[in-house]
Amino acid sequence: MAKKTKSLELSSEADSREADLQIARKIQAAMIPRSFPVVEGLELNSIYLPCGAVGGDLFDVIQLSNDVLAFFIFDVTGFGVSSALISAMAKVCFINHIKPGVSPRAVIERVNLEMIRDISADFYITAFLGY
């Protein structure tokens, strides 16, 4: 009887983890741009296919002015929920610092400082930002 109870507990925990992953997948999918700024002579499209349920890769395109777009893409080391959480933090940092008149270098430096302050040394981010 104890084995059956333990098996039911494990099954319930696995179901709960799977439900959490489904929620994480939906949250991460909501962070992927569904549409892009319209710029004459430029067509933007994307496809996002994480390696697992969730991942550490994200990107965005932000319109800074009528003729200037900021494009960033980055990858957090590792995989799974921890990388996905850190990538969410990084995306917020990028969005907070990408502003007209602020150079890509300054944005990267500011994001780097915030991420170093807030995450473990076990993770790092490889990023590209261009205007």
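In strand 3, alanine 127 is the bridge partner of phenylalanine 74, and that pairing is a handy place to start our walk. Please keep in mind as we go that this is a predicted model.

Strand 2 and strand 3 (residues 125–130) run antiparallel and are joined by six bridges. On to the other partner of strand 2: eight bridges tie strand 1 (residues 57–65) to strand 2 (residues 68–76), again in an antiparallel arrangement. The link between strand 1 and strand 2 is a hairpin of two residues.

Put together, the three strands make an open sheet in the order 1-2-3, with antiparallel pairing. Strand 1 and strand 3 are the edge strands, each pairing on one side only. From one strand to the next, the twist averages 10°.

Now for the helices. Helix 2 lies across strand 1, strand 2 and strand 3, and runs at about 155° to strand 2. Helix 2 (residues 80–97) also packs with helix 3 (residues 104–118), at an angle of about 140° and with the two axes 9 Å apart. The crossing of helix 2 past helix 3 is right-handed. Which residues meet where helix 2 and helix 3 come together? From helix 2 come Ile86, Met89, Ala90, Cys93, Phe94 and His97, and they meet Val107, Ile108, Arg110, Val111, Glu114, Met115 and Asp118 of helix 3. Sorted by class, this contact of helix 2 with helix 3 has nine nonpolar, one polar and three charged residues.

Setting aside its neighbours within four places in sequence, phenylalanine 72 is in contact with Leu58, Phe59, Asp60, Ile62, Lys91, Phe94, Ile95, Ile98, Phe128 and Leu129.

Alanine 90 has its place in helix 2. Is alanine 90 buried or exposed? Alanine 90 counts as buried because its relative accessible area is 0%, where buried means under 20%. Beyond its neighbours within four places in sequence, alanine 90 is in contact with Phe74, Met115 and Ile125. Although alanine 90 and glycine 56 are 34 residues apart along the chain, their C-alpha atoms are separated by 9.8 Å.

The other residue is serine 83, also found in helix 2. With a relative accessible area of 0%, serine 83 is buried too. Apart from neighbours within four places in sequence, serine 83 is in contact with Gly55, Gly56, Val76, Thr77, Gly78 and Phe123.

For contrast, step away to helix 1, where glutamate 18 lies. Glutamate 18 counts as partly exposed because its relative accessibility is 40%, and partly exposed is the range between the 20% limit for buried and the 50% limit for exposed. Between the C-alpha atoms of glutamate 18 and serine 83, which are 65 residues apart along the chain, the separation is 17 Å.

Our last stop is serine 35, in the loop between helix 1 (2–30) and strand 1. Why is serine 35 classed as exposed? Its relative accessible area is 58%, and exposed means over 50%. Serine 35 and methionine 89 are 54 residues apart in sequence, and from C-alpha to C-alpha they are 21 Å apart in space. Methionine 89 brings us back to helix 2, where it is among the residues that meet helix 3.

Key
Residues numbered from 1 in each chain as written. Predicted model: local features only at pLDDT ≥ 70, side-chain atom pairs only at ≥ 80, totals over all residues. Heavy atoms only, no water. Axes fitted to C-alpha atoms, helices over the stretch in contact; angles between N-to-C directions. Helix = DSSP H or I, 4+ residues; strand = E, 2+ residues; numbered from the N terminus. Left-handed = near helix turned anticlockwise from the far one by under 90°. Contact = heavy atoms within 4.5 Å. Nonpolar A, V, L, I, M, F, W, Y, C, P; charged D, E, K, R; others polar. Pairing = 2+ DSSP bridges. Buried < 20%, exposed > 50% of the residue type's maximum accessible area, 1.4 Å probe, protein only.
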